[in-house]
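Me: Please take a close look at how the two domains of this chain meet, and tell me how that part is built. I would like the criteria behind the terms spelled out as you go.
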Amino acid sequence: MKEGFRQAMAWLHTWTGLIFGWLLFAIFLTGTLSYFKDEISHWTQPEVQSHPLDPVTSLGLAQRYLETNAGHASTWFIRLPSEREAALSVSWRDPNGGGRRGFTDKELDARTGEAVEARDSRGGEFFYRFHFQLQMPHPWGRWLSTFCAFIMLLGLVTGIITHKKIFKEFFTFRPGKGQRSWLDGHNAIGVLVLPFHLMISYSSLVIFMYMVMPASILASYGDSSGYFNDVFGRDEVPKAVAQTAPLAPLTELYAKVQEQAPGARMGYIQVHNPGDRNARVTFTRASADSVAYQRSAIWTFDGVSGELLRRGAPESAAMTTSFTFVGLHMGNFAGPWLRWLYFAFGVAGTAVIGTGLVMWLGKRQLKHAKSARMPGELRLVEVLNIASMSGLLLGVAAFFWANRLLPATLEGRADWEINGFFLAWGASLLHAMLRSGRRAWGEQLTLGALAFALLPLLNALTSDQGLDHSIAAGDWAMAGFDLTALATGLFLAWAAGKMLRAPKPVAKHAPRAAKTVEAS
Amino acid sequence: MLGVALMGFAGFAGLCLAMEKHFNDLLGRKPTGRQLRALKITGWALLLLSLILAVHGRGWALGLVEWIAVLMAGVTLWVFGLPYQPRLLLGAALASLVLGPLLAVLAV
């Protein structure tokens with residue numbers, strides 16, 4: 001009875017893992033990249049210079065810029081530069097203006113307050129959006145990725161049941177033994193990083209819960225883009241009365257917020273009806289300031305008198321719980337070292353899925369090791385494995401190469417970067433179909449190794465933000481990107497070397513042969 | 001948090017050595033029952049102590065999150081490094097056992 005149950009769980013683990021593994025791999029990889037969303041965006045827009053933080057000066061500059069350039073707007077949004085974001089972002093909505101639904105956004109230099117003409121790029125935002133929207137029309141991508149989160153949770157639970165020797169083999173990893181090592185690796189990363197895996201997949205479902213009522217959750221993303229329209233436009237703000245009145249200096253209101261919450265960092269600042277007697281200014285605390293997203297960390301002022309009108313409503317216990325899961329998933333609160341750990345655990349999650357896919361195939365390939373041709377269904381899985389893993393990495397690399405090589409004046413430039421991502425991904429699928437399994441792996445990994453390892457060089461040649469400059473200037477977001485790309489390239493080169501050199505699949509009962517491979 | 005991380009690392013190393021199979025492999029001799037029990041108790045005590053220090057230093061929210069994060073990182077490093085660099089890791093565990101509490105006490 002008990003064994004029957006375990007076998008059923010193993011079956012479920014094996015097949016849901018295969019069917020959703022390819023997509024989950026992409027979701028995990030892009031999600032992992034999203035932990036460095038701002039840093040990636042910084043790299044993709046090297047025109048925006050990073051300066052030491054000075055929120056008061058930046059806020060003054062933002063107000064001056066908006067008063068000059070968006071005096072008639074109905075709403076302003078300001079995002080101050082942070083440890084991770086170099087730009088002082090301002091945007092405004094002008095019902096009579098152009099742009100996307102009357103929405104314009106600009107990035108200002110944090111020191112001069114001048115608009116920076118940065119290249120058009122989605123940057124880290126692309127990977128972030130892909131992570132849960134999968135480049136599909138709304139809302140299908142969100143539903144599909146949420147379903148994948150459910151499958152991931154299912155995979156974890158069924159995996160734990162299937163594994164059975166969790167404590168006995170807690171510390172076990174035996175390399176150089178073919179299938180055995182893959183299973184050890186799969187189990188060890190799965191079990192050792194289990195708290196992260198569980199948190200990530202469960203919290204995705206919590207986020208999904210809010211998809212039905214998006215208002216509160218979108219506020220916690222705290223990013224710019226068209227969401228402001230839908231989400232914050234319906235705030236309870238009095239209508240403009242068409243009586244001009246000067247807006248109080250935002251820096252003074254900022255000082256009042258600092259009195260109430262010393263050292264609070266600001267997520268964004270919103271001004272309704274600027275220049276009108278009914279102006280309202282709302283400060284929202286940065287999500288970086290606490291693990292859980294806090295709705296209560298909001299201050300609303302009368303924009304003319306500067307009087308504090310309202311503080312955000314406090315959260316209920318249930319809300320705090322779900323906001324904690326949302327906060328844990330996004331990791332906005334994480335400082336540099338914890339962010340790196342988040343990234344590493346994300347890579348671990350990606351690796352669990354990848355090793356699972358490799359094992360599914362490896363186990364079945366052994367049965368056909370003697371026959372000249374692999375059965376069609378196994379070949380299909382092999383091609384999809386290659387395209388979904390090494391191919392996706394090539395797509396990511398292509399995105400960054402396109403970012404540096406496409407001319408700044410190109411029409412629809414940001415879209416072409418994304419096209420580059422998908423074209424490279426598609427090409428890798430074609431390549432995997434045309435080449436034999438091992439060759440396809442080796443060649444794609446080699447290309448990936450070159451593409452990533454050369455990114456720092458490309459950056460140095462096409463911008464003035466190369467490693468020599470960024471390290472000297474202490475711009476660690478920029479330098480960190482380059483160094484990570486280099487490390488990724490080296491890792492892929494190592495993997496490619498294994499693929500190109502090692503002989504055909506290691507037989508299950510030949511541990512000695514496996515050992516000599518390891519030694520060589 | 002580095003002190004907490006090192007203590008957690010040493011704690012997991014202790015729990016690993018508390019398993020007869022790993023003790024044999026790593027130290028090349030058979031353990032006595034008492035040694036295994038002592039290692040087990042020390043290991044758990046280090047983990048518990050590191051949790052207390054993390055929560056004490058960083059509060060419940062951040063303390064718990066960071067504690068779990070450094071523990072996962074440490075044990076992953078241990079398990080995947082062990083087949084390649086067992087001596088280095090044993091040395092690191094020993095160093096962590098000394099440095100961890102020292103750093104943690106200095107931070108308090």
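Reply: Domain bounds here come from an automatic or database domain assignment. The model is predicted, and local features need pLDDT of at least 70 while side-chain atom pairs count only at pLDDT 80 or more, whereas totals for chains, interfaces and linings use all residues. Residues are numbered from 1 along each chain as its sequence is written, and chains are lettered from A and ligands numbered from 1 in the order in which they are written.

On that assignment, chain A is split into domain 1, made of the segments 2-44 + 126-207 + 332-519, and domain 2, made of 55-120 + 215-329. The centres of domain 1 and domain 2 of chain A, taken over C-alpha atoms, are 37 Å apart. Where the domains touch, 16 residues of domain 1 of chain A are in contact (C-beta atoms, placed from the backbone, within 7 Å) with 16 residues of domain 2 of chain A.

On the domain 1 side of chain A, the elements that give two or more residues are α2 (37-44), α7 (194-211) and α14 (413-434), helices being DSSP runs of H or I with at least four residues, numbered from the N terminus. Helix α7(A) supplies the largest share of that side, 7 residues. By class, the domain 1 side of chain A that touches domain 2 holds 9 nonpolar, 4 polar and 3 charged residues; here Ala, Val, Leu, Ile, Met, Phe, Trp, Tyr, Cys and Pro count as nonpolar, Asp, Glu, Lys and Arg as charged, and the others, Gly among them, as polar.

How values were computed
Two residues are in contact if their C-beta atoms, placed from the backbone, lie within 7 Å.
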